[in-house]
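Keep the structure in view while reading.

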Amino acid sequence: MPHRHRHRHHRAVGAAVAATAALLMAGLSGSASAGTASVGSAPTAAETLRTDAAPPALLKAMERDLGLDRGQAERRLGNEAEAGATAARLRLALGGDFAGAWVGGAESGTLTVATTDAGDVPAIEARGAEAKVVRHSLADLDAAKARLDRAATRHDTADAPVWYVDTRTNTVVVEAIRPAAASALLAAAGVAPSLARVESRTERPRTFYDLRGGEAYYINNSSRCSIGFPVTKGTQQGFATAGHCGRAGAATTGANRVAQGTFQGSVFPGRDMAWVAVNSSWTATPYVLGAGGQNVQVTGSTAAPVGASVCRSGSTTGWHCGTVAQLNTSVTYQEGTISPVTRTTVCAEPGDSGGSFISGSQAQGVTSGGSGDCRSGGETFFQPINALLQNYGLTLRTTGGDDGGEDPGEPGGTWAAGTVYRPGDTVTYGGATYRCLQGHQAYAGWEPPNVPALWQRV
């Protein structure tokens, strides 16, 4: 940020902190009361995102894969919801200084927010977060990563298959099987050495195809994948899944081999997204199949921050949990490069492709690919669900009644249920203007005044 703007910027940050001091989230302390609001106060982020709706199957998988007990798992989900809201507000307040945010600790009790300006530290700490002063802004890192994406369209990246923005180390990381391949990619992209770090990896990521599954589906009576999230498009019901599972026009059958539907759209490589329209024999429900056949309800699609817990449901390996490692990631498979995807520490195996990633009760994305397995451990990449919904004009099926297909009408404005909003988007509602804090798909009941974790009045 140029020097002439700094004084004005810090006045804005101070004003934002002062105006919202009363709304500071208690969840970051890791206390048992995280996410509890007093009577008559605005709902907390944990209440907005229904972290109390996390089913036993999801909590049990978090206990197993993250080494938690039940209370820790419940508190972690509440803390992560509060951290996401706090980080979003600080991102808005810090502007060009913002350099990323992440949660840490067994219960995600610590939120760290990075900035390029030491003058922002009091504002960050006033929000209950830890501050880290770094050299590069998130905008600079994202721009460098975008140059790598463009360079990858002209160069073979098979030996440098993964690159991403790592906010924890304030660098763009290229993971390579051959270091020379990473150096060539960085040189072709014109990314300065001060911005980048090269790490070694031994496995090539792959897409996950063709094995058995509980909630599986078959493509053209041959290969298998996993259903992602049930969706609607107007009155048409269907489900979201991975693009590499099938091309537009391909027919699907369910795990019971009953005729199911047809791929309506599919993108792969570039992105890894698709959706299937089902016939009248099938009904889209607001659930993901959990351990032991239990239903895991989906209440929204608010994106989880780096470090947050995330669980995956797939037809081969069932429920497994881990954490969000990086958000803005590119990965090269044999078929081509996919970007942007989210990288996680969750394991997966062939046949899990297309399956659901969920954090608490918030849909995150559909399984794309990865490396390793669920015996020795591994990594997995998912296609974010909000981009998929927006690309095809789909509405996520959620619990709680109206799935967001209709605007409730009065008091009017540009906000509309069913719309996918990204951080920074602005809308009007009830005569006021609001700015989106966290990416999500809107639905009735999530009008801007009702969800301060997602919208800030400006």
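Cys225 is buried, with a relative accessible area of 1%. Buried means under 20% relative accessible area, exposed means over 50%, and partly exposed lies in between (1.4 Å probe, protein chains only). The model is predicted: local features need pLDDT of at least 70, side-chain atom pairs count only at pLDDT 80 or more, and totals for chains, interfaces and linings use all residues. Residues are numbered from 1 along each chain as its sequence is written, and side-chain values use heavy atoms, with hydrogens and water left out.

**Disulfides**

A disulfide is a covalent bond between the sulfur atoms of two cysteines. Here the term is given to a pair of cysteine sulfur atoms within 2.5 Å. A search of the whole structure finds three. With the bonded cysteines numbered in sequence order, the pairing is 1-2, 3-4, 5-6.

| Pair | S-S distance |
|---|---|
| Cys225 and Cys245 | 2.1 Å |
| Cys311 and Cys321 | 2.0 Å |
| Cys347 and Cys374 | 2.1 Å |

The torsion about the S-S bond of Cys225 and Cys245 is about -90 degrees, so this disulfide is left-handed. The pair links distant parts of the chain, 20 residues apart: Cys225 is in strand E9, and Cys245 is in the loop between strands E11 and E12. Strands (E, at least two residues) and helices (H or I, at least four) are DSSP runs, numbered from the N terminus. Cys245 is buried at 5%.

The link of Cys311 and Cys321 is right-handed, with 100 degrees about the S-S bond. Strand E17 holds Cys311 and strand E18 holds Cys321, 10 residues apart. Cys311 is buried at 2%. Cys321 is buried at 6%.

The torsion for Cys347 and Cys374 is about 100 degrees, so this disulfide is right-handed. Cys347 is buried at 10%, whereas Cys374 is partly exposed at 23%.

**Sheets**

Two strands pair if DSSP finds at least two bridges between them. E2 (110–115) and E3 pair in the parallel sense over four bridges. Thr112 stands opposite Glu130 in E3.

Another open sheet has three strands in the order E25-E26-E28, with antiparallel pairing. Its edge strands are E25 (426–429) and E28 (455–457). E26 (432–436) and E28 pair over three bridges. Arg435 has Gln456 in E28 as its bridge partner. Cys436 is buried, at 3%.
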